[in-house]
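Here's a quick briefing to read alongside the model.

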Amino acid sequence: MTAPWTATVLTIFPEMFPGPLGLSLSGRALTEGVWKLRAVDLRDYAHDRHRSVDDTPFGGGAGMVMRPDVIARAVDDLAAGGMAGPRVYLTPRGARLTQAQVREWAAGPGLLLLCGRYEGVDQRVVEAREFTEISIGDFVLSGGEIAAMAVIDACVRLLPGVVGDAASLEEESFSEGLLEYPHYTRPRVWEGRAVPEVLLSGHHAEIRAWRRRQALEITRRRRPDLLNTLS
Ligand code: ADE
């Protein structure tokens with residue numbers, strides 16, 4: 001059997017994991033061995049008895065910077081142990097994560113995710129150990145851990161067998177470069193609001209066309225940038 005998809009997380013808060021990844025779809029898949037999670041404490045790779053992983057920034061400025069030597073020791077140790085897959089550093093300075101990138105990573109052996117704290121990570125180790133810098137959105141979290149969880153969740157749900165109904169993966173937002181159409185269930189009328197008539201009609205072609213129009217309209221209003229990249 002080939003090794004399951006594996007997320008290795010470098011963090012100074014390994015206790016944060018699996019956290020929410022231990023519940024619901026990802027949690028069941030983790031228990032079933034569909035994927036593996038390894039949270040590695042960066043402090044285990046510190047050189048001093050205080051187990052320090054950060055230091056003051058050259059050039060001055062606020063906050064602390066994570067040391068390149070400590071991170072490199074951790075990465076090299078894991079690589080020597082056979083860890084495979086792309087290296088990702090979670091930072092608001094990174095390129096914005098896309099569903100296309102998630103699909104590519106989910107199809108590979110797994111990821112090494114580096115979680116920054118403080119002001120960030122010394123840039124030399126990002127370059128020397130070939131980390132891809134990734135942001136999950138234009139806002140700032142207090143560390144990379146929650147962003148790493150978001151990346152892992154997005155990948156794991158695409159692994160074969162994790163989401164029971166594969167069709168729901170094909171119809172969801174971004175699968176066609178559009179935001180998804182709206183959903184409705186019972187009751188048919190709720191607080192005076194009726195479900196759109198077409199959905200009760202049983203005309204599958206009309207329903208498909210209506211959903212497509214809704215998807216286009218909501219994308220045009222909320223995310224016109226997505227329409228420009230439609231093939
Ligand atoms: N770390 C802090 N903020 C982040 C963000 N928006 N994306 C990824 N990592 C982060």
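A residue counts as near a molecule if one of its heavy atoms lies within 4 Å of it. This is a predicted model, where local features need pLDDT of at least 70, side-chain atom pairs count only at pLDDT 80 or more, and totals for chains, interfaces and linings use all residues. Residues are numbered from 1 along each chain as its sequence is written, and side-chain values use heavy atoms, with hydrogens and water left out.

**Around the ligand**
- The ligand's surroundings include L90, T91, P92, I134, S135 and I136.
- By class, that shell holds 8 nonpolar, 4 polar and no charged residues (Ala, Val, Leu, Ile, Met, Phe, Trp, Tyr, Cys and Pro count as nonpolar, Asp, Glu, Lys and Arg as charged, the others, Gly among them, as polar).
- β5 (87–96) gives the largest share of the shell, 3 residues; strands here are DSSP runs of E, at least two residues, and helices are runs of H or I, at least four, numbered from the N terminus.

**Backbone atoms facing the ligand**
- A backbone N or O atom of I136 sits 3.0 Å from a ligand nitrogen atom.
- For T91, a backbone N or O atom lies 3.2 Å from a nitrogen atom of the ligand.

- Most residues other than glycine have a negative phi, and most peptide bonds are trans.
- The F17 to P18 peptide bond is cis, and P18 belongs to the loop between β1 (5–11) and α1 (24–31).
- The R186 to P187 bond is also cis, with omega near 0°.
- R51, not a glycine, has a positive phi near 55°.

Technical notes:
A polar contact is a pair of N or O atoms within 3.5 Å; within protein, one must be able to donate a hydrogen and the other to accept it, and residues adjacent in sequence count only if both atoms are side-chain atoms.
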